[in-house]
Amino acid sequence: MGPRWKGKDAKAKALADPMSSIVLQLQSSLVQSDAQGFLCGCNVLLEAGPKQTDLLLRACFGEPIKNLSGEPIINKNNKHWFYFGMEEAFFLCNSLKCLKILDGLDNCPKNDQELFQYMKSKKTTFPDSYKAYSHLRLKNWVVMYDSNYCADFVAYRHHPSLVHSEFVVILLSEGDSESNDRLRVWSDVRGTKRLCKVIKKALLVLSVDKNGHDATSPSCLEGYTVTEHTISRWSPEQCHEDHPKDDWEPSSSSVPLMPSGTTLRSKVALAPRQVSLDQIFKALVIFFWTIVVFGFGFALGKLL
Amino acid sequence: MGPRWKGRGFKAKALADPMSKIVLQLQSSLNQSNCEGLLCGCSVLLSVEAEQADLLNRSCFGEAMVTAEKDKQWFELSLEEGFYLSYALKCLRIVEDKCLKSDEQLWPCMKSRSALFPYFYKAYCHLRMKNWVVMSGITYGADFVAYRHHPELVHSEYAVIVSLEEEEGGANNRLRVWSDVHCATRLCGGVAKTLLVLDISRNGHSADSPSCLESYTVKERTITRWNPEQCREDHTMVESENGAKEEI
């Protein structure tokens, strides 16, 4: 399932203004202004001037704080307040090194280590979720938190105003059974996949493996590996050996398609019903003769 | 969300031929013929005459298999279905490797095939005893789906997820994180079903024998989206600035 651009010129616009370039401009702008965010619960707040507001919105980092009418709040300094999720803030701070973060209560600057420990205390799976977030961001995907669908993140090829999101992203932690609460049973896999089909997105599973490293400091993250799997339905008709290769996109999946010990059968439609040309022709013939018969009957009635 | 009957007169048809009565007829017919099912893998295979095949189809137990045999019809039942006919309705004897199994002997066989069989069976049995037709819900991301009557007459109303008590959490529990709840609820909404969660608690009892099941409790919960506009306690009329009345 390729990208679904929102309008004729959207793709050209995106190519002319790549996300990597926007993020670089944002990085440069934040560094120049010595931007400082405030740690507040599970969010980081940042006061942003007009230029940075524009760059933050274009790069899809954070959300502007809005009033009850849905309008962004502008303070007396003519600046917007933005709030970031932990992964977003840590990416700007640790990966792009363009944001300093202060404690929201005492304004003391937090170094990466302190920030990492704090965020882990708020969310035990933070190291893995941050690894997954940064993995996609470094590949220039726009990564946003998913509140509408069924997953941890949603990934866009470019700005959401130009393109629909292509992937819902579910995070799995290898070897850490306690934090793995999704896709452990077949019903969850099937349900999630079915919902992805309805909302026209692919299911991307990111398996984060710590490779024996602990999670005591951000530098440990470099030892983690991320494996990408997409899960899609296997259609036998599309997978015949003599079927043209162009029409078949293989999907890798380490998730077993059927668990052992399945107790209840389900009627699985293996492929959508396809209407053949022959059936269409027959339907047209029947339609034609129906018109002829009705027409004849009508004419006869008029005559009599 | 009430029942969605699949055609005119179907509700009357269902009322005229209640599921409880069909199941009783099935029970009586299987008893009379001393039916034996074969435990094979994760299924129970049953060979029946035409009359029993009709009753199995009407009561929605098992699935008919296509075979070369013309005199008899083979059916494939799930573990829950097979054990329900054997243990709850006492109208089916089950054989494994040519040995007839009593309920006590069958129980560990079922558990070895499905670690959470006691929970799933309790949920299945709980709904069947209330005369719901219970079938696999895998296509809807659930454990079961529940029909008010035969699927030919009515659409299923509930997608059922079996929720286990905390200490059994392990590998098979659903709805432990918000994304899963959201996904399940949204999918159910899209297929016009209500998400029904059955919380099964062992109440400290073991799962060593089927008699333990009587001490298990089942709590039913439905999960639906909360729509603020639909849940206002009162709709009061207020005057807007220009004097026109607006309902809030």
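The residues lining the second largest cavity split into 4 nonpolar, 4 polar and 2 charged. That's a handy way into this structure, which is a predicted model. As for who is in that lining, chain A brings A:Ser187, A:Asp188, A:Gly191 and A:Thr192, while chain B brings B:Tyr140, B:Gly141, B:Arg174, B:Cys183, B:Ala184 and B:Leu187. So much for the names; next comes the space itself. The second largest cavity holds about 30 Å³, and a search of the whole structure turns up 2 cavities of 30 Å³ or more. Rolling a probe the size of a water molecule over the atoms is what shows where empty space is left.

Stepping back to chain A as a whole, the count comes to 8 helices and 11 strands. Of its 304 residues, 41% are buried. The contacts in chain A also say something about how the sequence folds back on itself: taking those between residues at least 6 apart in sequence, 62% link residues at least 24 apart.

Definitions and conventions. Residues are numbered from 1 along each chain as its sequence is written. Chains are lettered from A and ligands numbered from 1 in the order in which they are written. This is a predicted model: local features need pLDDT of at least 70, side-chain atom pairs count only at pLDDT 80 or more; totals for chains, interfaces and linings use all residues. Side-chain values use heavy atoms; hydrogens and water are left out. Helices (H or I, at least four residues) and strands (E, at least two) are DSSP runs, numbered from the N terminus. Buried means under 20% relative accessible area, exposed over 50%, partly exposed in between (1.4 Å probe, protein chains only). Contact means heavy atoms within 4.5 Å. On a 1 Å grid over the protein atoms alone, a cavity is a set of points where a 1.4 Å probe fits but cannot get out, and a pocket is an open set with protein on both sides within 12 Å along at least five of seven lines; lining residues have an atom within 4 Å of a point. Grid points are joined across faces, edges and corners, and a volume is the space filled by probe spheres set on the points. Ala, Val, Leu, Ile, Met, Phe, Trp, Tyr, Cys and Pro count as nonpolar, Asp, Glu, Lys and Arg as charged, and the others, Gly among them, as polar.
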